[in-house]
Amino acid sequence: MIDYREAWLLPLVFKLQGSVYARCAIFAVPSSLLTIILVMTEAWVPGYREETMLAALDSSAIWAMLTAVLIFMVSFRTRQGYSRFWEGTGLLHQMKGEWFDTVSNCVTFTISANKERVKEVEQFRHTIVRLMSLCHGCALEEISGIEGRMET
């Protein structure tokens, strides 16, 4: 996990580790250079846009293409985030079920205990339930990523 402990916003924005700016620059810099080259070519060679059919692209067509790409990207990212959320939720419920099965088996195995040890069996059951509850709480705290001691 990336630790974001910046007191000021500017170092956090320009942090390279864990940032998307470096990956975005791979696509942004070449497209910016291509745009500069096309604008400079139009200035140096008049009529270049008409010869290469670039004049047919008006601003509404460019905005339509940009909007379509942005809608695709946002919907893809949203779907990815949604599927990751539900996968994590399913795994948490599976973990909770595993803890419950373990406690259930331990309590079930004590049914056939001697009738003269009823108090000890009851104490064991209460202890095992509390220990498994503590294990489940510790596991949830471990995956939560919260540093330090939680107040109760």
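A residue counts as buried when its relative accessible area is under 20%, as exposed when that area is over 50%, and as partly exposed in between, with a 1.4 Å probe and protein chains only. By that scale E120 is partly exposed, with a relative accessible area of 47%. This is a predicted model, in which local features need pLDDT of at least 70 and side-chain atom pairs count only at pLDDT 80 or more, while totals for chains, interfaces and linings use all residues. Residues are numbered from 1 along each chain as its sequence is written, and side-chain values use heavy atoms, with hydrogens and water left out.

The protein chain has five helices and zero strands. Read from the N terminus, the order is α-α-α-α-α. Of the 152 residues in the protein chain, 7% are buried. The accessible surface comes to about 13600 Å², and carbon and sulfur atoms hold 66% of that; accessible areas come from the Shrake-Rupley method with a 1.4 Å probe, and for residues only the protein chains shown count as cover. Among contacts (heavy atoms within 4.5 Å) with a separation of 6 or more, 34% join residues 24 or more positions apart.

Helix α2 covers residues 21-44, and M40 lies in it. M40 is partly exposed because its relative accessible area is 36%. Together with V29, L33, I36, V39, W44 and V45, M40 forms a nonpolar patch on the surface, with about 700 Å² of accessible area in total. A patch is made of residues with over 30% relative accessible area and no salt bridge; nonpolar side chains (Val, Leu, Ile, Met, Phe, Trp, Tyr) are joined within 5 Å, and like charges within 9 Å.

Helix α4 spans residues 59-109 and contains Y82 and W86, which are four residues apart, about one turn of the helix. An α-helix has 3.6 residues a turn, so residues three or four places apart point the same way. The structure holds three aromatic pairs. Rings of Phe, Tyr and Trp (its six-membered ring) pair if their centres lie within 6.5 Å; planes under 30 degrees apart count as stacked, over 60 as edge-to-face and the rest as tilted. One of the pairs is Y82 with W86, edge-to-face at 6.2 Å centre to centre and 80° between the planes. Y82 is exposed, at 54% relative accessibility, and W86 is partly exposed, at 46%. F85 and W86 also form an edge-to-face pair, at 5.1 Å centre to centre with 75° between the planes. F85 is partly exposed, at 48%. Y82, F85 and W86 make up one aromatic cluster.

Helix α5 has 27 residues, 118-144, and should span 39 Å at 1.5 Å a residue; its end C-alpha atoms are 39 Å apart, which agrees. The expected span is 1.5 Å times one less than the number of residues. Which residues of α5 are buried? They are V121, I128, M132, H136 and A139, and they pack against α4. After α5 comes G145, whose phi is positive, near 80°.

Side chains of opposite charge can pair when their charged atoms come close. The structure holds one salt bridge, a term for a side-chain nitrogen of Lys or Arg within 4 Å of a carboxyl oxygen of Asp or Glu. R117 forms this salt bridge with E120, and the closest N and O atoms are 2.9 Å apart. R117 is partly exposed, at 46% relative accessibility.

Key. Helix = DSSP H or I, 4+ residues; strand = E, 2+ residues; numbered from the N terminus.
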